[in-house]
Amino acid sequence: MQLPKMQPFKENIVSTNKDDFVSLIREALANANGVFIKIFTKDSNEKYYFTVLTDNSKILAAYGKFLIANRDVIGKEALDALRLLLSNPMVVDVYTLDEITLKLSIADNIEIYSATPKIGIEEFLGVPRQGEFSEVLEKEKLLEQVLEKVKREERIKPAPQIEKVKEIKRAKVPEITEKSPEEKPVKVPKEAPQKVAKKEELKVKMEIIGSETFKPALEEAFKEYSKVLLNNIRKMKDILLNDIEIRGEIGTGVVYLTIQLNANVENEKSIEIAKRKILFFANRHIPVIGRVSGLKPIIRTVRVNVIAGEKVDTMEEKERGEVELWRLKKPPTVQVTPKISLTIDPEFRTYFSAYSKALLRDIEDAGIRVEKMEVEVEGRKEHEINIKLHAFTTNMNRIQIESFVTALAKKHAREMGKALKKYVWVHRVEIESLMPQQPSSAVESQVSTKAAEILKKKSEIEKEVEKLLKEAGIEELSFLTEDKKKEVEQTLLKSRIEPAMETLKSRVQNDLKLLPRVTFKWLKMNWNFTGSNVEVIFEVSFAKEEVGGLFGTFSGISDDKIKEDAIRTIKKAMKDVSREYGVNIVPKRINVLVR
């Protein structure tokens, strides 16, 4: 079925049972005139795709497709098939409709609308109506009252022997306390209330970056995740969770998570075991965030800090002293190379000098001209890197340079962290784009004058050659013209076409690395100069970012969309290079591989 272009109310929601599906539909209909639902599900024999259009009270149109059998069903047949699958796990997209979009949707799907019986939503879902609910509740209350009355009337009094046993037990209690008074201050009752009091003081620090639309749902998801995590860790008596720091960056249908948990243990020997347990629970309950927020959670880092003692300071508290001291007593800036200046504690200067040189080498290898690079590294137990770059290139704008340099800096920071066995991260990358110097007006006028003279001489020589050819005969001098043609082609290849092809390959590689939700693997480019055109063959490979889901691994982007974006990016780069170098570049074949 067709749907007017609009944003989904909920997208990629996993409904594990019928109750989840019912609550999702009720939530969508709360403030809407109707809904349009897309459903994907499967059973042991078949995979199904359904679309359903409803108003506030009844189903208006239903369409289904049996994907393996490649069969379409509409109306009553589609509803009967869907009714049997409501309790199965499903992936659901829900679009809320107002009065206008509802009528437009009916008009766009009038054939399916005509073939679909108008069944009430609650009747189709098998949910009792509001009146039926109240009747059921009243019957349950009456039944409970009758049962309580029967229990009170038929309650059996305890036998005398049982009373005697209870009296004996009561009599023994003071005898034990008198014989062993040193056992009165038992540790368990004293420690239990203290631990509970501490656990109630759990601090949850949340930071959400991105769309304001998803922030309330994501805050609720983080609270639910923290609650579930705390309940699991409470069962481990030797571990006390003090605070949780969660940072979420909202992307397109996903949220990237950075989580830090701080805890303490009574015995120093059990620190490593506690870290592993907490890390296990932190990863295990990540799907809670996806279920509550409707966004797919992707973990960037999960860090656990455990110490032996009564209190665990947050990283901010632990690092505050040394960071403030570093800022007050900032070490001098060292000039590593003419282009690199490094500000860092002398103890770590050797490591980060090598880091800066390697980063600069990779940046310049990508065709970016660097005038100056300033690297500032803060911290001792952990290192925060800030980079300021004065650079320019003809292939990328400032935003593309910043994205490319940030990716390179993070890659080298991870390698540095492994070498130092510390947490090393890139906090900020600033790019000051410098445009190449333009020739002065005097030089321009001089160049234009020389060009005019050369063109005049060229036309005179051409006229003289034409005159000689007519006098001597074209056939006798044809070999000379062929040699001249080959010489011109070789000159054109060396002066314009080869540099253009190198620029094109570099630009395509850099642009393809910026495509979202895929990882660029490799690029093969072959070209051939025929006549006045340069025919180019591209072969590109990508890997989709896949995650585990209810129905196996899946990606939020289709193969066709990836191929379409890659081809559009390649053709744009060809058009730009063709205009810059004055060479007519045409695509002969573009092959995009997606794994």
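This is a predicted model: local features need pLDDT of at least 70, side-chain atom pairs count only at pLDDT 80 or more; totals for chains, interfaces and linings use all residues.

User: Where does alanine 308 sit?
Analyst: In strand β10, residues 296-308. Strands are DSSP runs of E, at least two residues, and helices are runs of H or I, at least four, all numbered from the N terminus.

User: Is alanine 308 buried, exposed or in between?
Analyst: Alanine 308 is partly exposed, because its relative accessible area is 34%. Buried means under 20%, exposed over 50%, and partly exposed in between, with a 1.4 Å probe and protein chains only.

User: What is alanine 308 in contact with, sequence neighbours aside?
Analyst: Leaving out neighbours within four places in sequence, Val265, Glu266, Asn267, Glu268 and Ile271. Contact means heavy atoms within 4.5 Å.

User: And how far is alanine 263 from alanine 308?
Analyst: They are 8.8 Å apart, C-alpha to C-alpha, and 45 residues apart in sequence.

User: New topic. What is the strand order in the open sheet of three?
Analyst: β16-β17-β20, with mixed pairing. The edges are β16 (518-530) and β20 (584-594), each pairing on one side only. Two strands pair if DSSP finds at least two bridges between them.

User: How do β16 and β17 pair?
Analyst: Antiparallel, over 12 bridges, with β17 covering residues 533-544. Phenylalanine 529 has valine 534 in β17 as its bridge partner.

User: Which helix lies across that sheet?
Analyst: α17, residues 559-581, lies across β16, β17 and β20 and runs at about 155° to β20. Axes are lines fitted to C-alpha atoms, for helices over the stretch in contact, and angles run from 0 to 180 degrees between N-to-C directions.

User: Last one: how many cavities of 30 Å³ or more?
Analyst: One. A cavity is a set of points on a 1 Å grid over the protein atoms alone where a 1.4 Å probe fits but cannot get out; lining residues have an atom within 4 Å of a point.

User: How much space lies in the largest cavity?
Analyst: About 90 Å³. Volume is the space filled by probe spheres set on the points, which are joined across faces, edges and corners.

User: Which element gives the most to its lining?
Analyst: α5, with three residues. The lining of the largest cavity includes Phe21, Val52 and Phe124.

Key
Residues are numbered from 1 along each chain as its sequence is written. Side-chain values use heavy atoms; hydrogens and water are left out. On a 1 Å grid over the protein atoms alone, a cavity is a set of points where a 1.4 Å probe fits but cannot get out, and a pocket is an open set with protein on both sides within 12 Å along at least five of seven lines; lining residues have an atom within 4 Å of a point.
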